[in-house]
Amino acid sequence: MTGLEKVPSTDDVRKVYDILLAEKISGSIDLPEEMLALWTQWSRFDPRLAEILVEFFALNWEKIAPIALRKRLLLLPWPQAFGVLAENVTASGILSPDDRRTFQRWASTILSDTPPARFEQFFLGLRKIAGGEMLKDVLGSSKTYLKWGYFGRDLLVNKASHLPSRTLLSPETRRRLLHELMEGRERITVGDYQLALDYRVSRRQAEIDLSREKRLSPVGNTRGRFYRVTKNHFVKAD
Amino acid sequence: MSGPLTEKIMLSALRALDVRLDGPVTLIIGGGGAMILAHGFPLSTSDIDAFPKKMEIAQLDVFVKEVARAEHLPPDWLNPYFSSFTHTLPSDYSDRLILVFEGKRIEALALGKEEMLIMKCFAHRQKDVGHARALIKKGADIGFVESHIEKLKQKGIPGCEAALDFLDELIE
């Protein structure tokens, strides 16, 4: 199957961390598009590298020539990998709404006419073949991966500083994960739901989802509200 | 050396890899390599799709590159990329693996007929029709394959409709 000729080693990836950290500290960019393009491919082997690249693109996209990057990506086996990173930049809370729109146009220029991948795992070598986690990646995939024909759940941002500003899961996926969360529980909160979905649902959407779920009865009207799990939707709390 | 990898070249490359490794590894082989080594189909392939267990893929790749240089093979003559599609396989796929090579360090196991057919259904490429039919002629359990894809469809795995349509076409 087509791929990179060489799989990056741990040392290869560590060197990239160092380079990108040095660029971040210095505030200047002197990285050829050829290297950036190659590292987007390497990100499929290393989620930490993917996260670092998302932040790098979010902070430096205006300094990167889109056509030059596009030309390099098209020489590589997985140009769609850049698409996943770009979606994560858009989904993160790093850019202002105005900058986000301009960033999306910049990324669209790079990825124009690039077809999605053929529905495969984004990250390589990290899951047991046909295992439970691999299946969860498929069933709980975020839109940031699905748009580019990949399966994946990881939010590629440093969650402590940049939670996503929008919902990244389809209604069907959210419903499935909510029902899994409700199993064996007597009550859940909006926070429980967001945590279970790894913060890939906005608070507003989370509130809507819980209020629409027939097997949940809201208790309280303030931010301390919780939802009682009923056995069937005909039984309501007092 | 350029050109497709034959069974003889594949086994020679695996032997060359075996003597270089510094630890045990199990290789799970799919794709064209499995068709040639386990299921006896002569076809043209330029690599062995193999995913390592008990060893990191980056670690294995160092030795793969050594063998490539020594045996004049393409640098990615053995690569793990098919594993990104293995979410479609049954969790008990290992029950049907077929031993195709055993060295001092390497145990190479190819996917069984049913697993190969499942993957071809999900790939649903025209160029796979011949091989998929051949797997069925060799005794791949169509009922098992269909039932497994139906279960994946119930779970909501994308691509199941196309996979079932592909299987239907093969059966007719």
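Let me start with a single pairing in this predicted model: A:Arg187 has A:Arg228, which lies in strand E5 of chain A, as its bridge partner.

Now I would like to turn to the place where the two chains meet. How many residues does the contact take from chain A and from chain B? Chain A gives 27 residues and chain B gives 29 residues. The area buried between chain A and chain B is about 2500 Å², and carbon and sulfur atoms give 67% of it. On the chain A side, A:Met1, A:Arg118 and A:Ile129 supply 31% of the area that this chain buries against chain B, which is more than any other three residues.

As for specific interactions, the count of salt bridges between chain A and chain B is zero, while six residue pairs are in polar contact, with both residues at pLDDT 80 or more. Strand E1 (120–121) and helix H7 (132–139) of chain A each supply at least two residues of the side that touches chain B, and the largest share, four residues, comes from H7(A). Taken by type, the residues on that side of chain A divide into 15 nonpolar, five polar and seven charged.

Key:
Residues numbered from 1 in each chain as written. Chains lettered and ligands numbered in written order. Predicted model: local features only at pLDDT ≥ 70, side-chain atom pairs only at ≥ 80, totals over all residues. Heavy atoms only, no water. Contact = heavy atoms within 4.5 Å. Buried area = accessible area lost by both parts, 1.4 Å probe. Salt bridge = Lys/Arg side-chain N within 4 Å of Asp/Glu carboxyl O. Polar contact = N/O pair within 3.5 Å; in protein donor to acceptor, adjacent residues only side chain to side chain. Nonpolar A, V, L, I, M, F, W, Y, C, P; charged D, E, K, R; others polar. Pairing = 2+ DSSP bridges.
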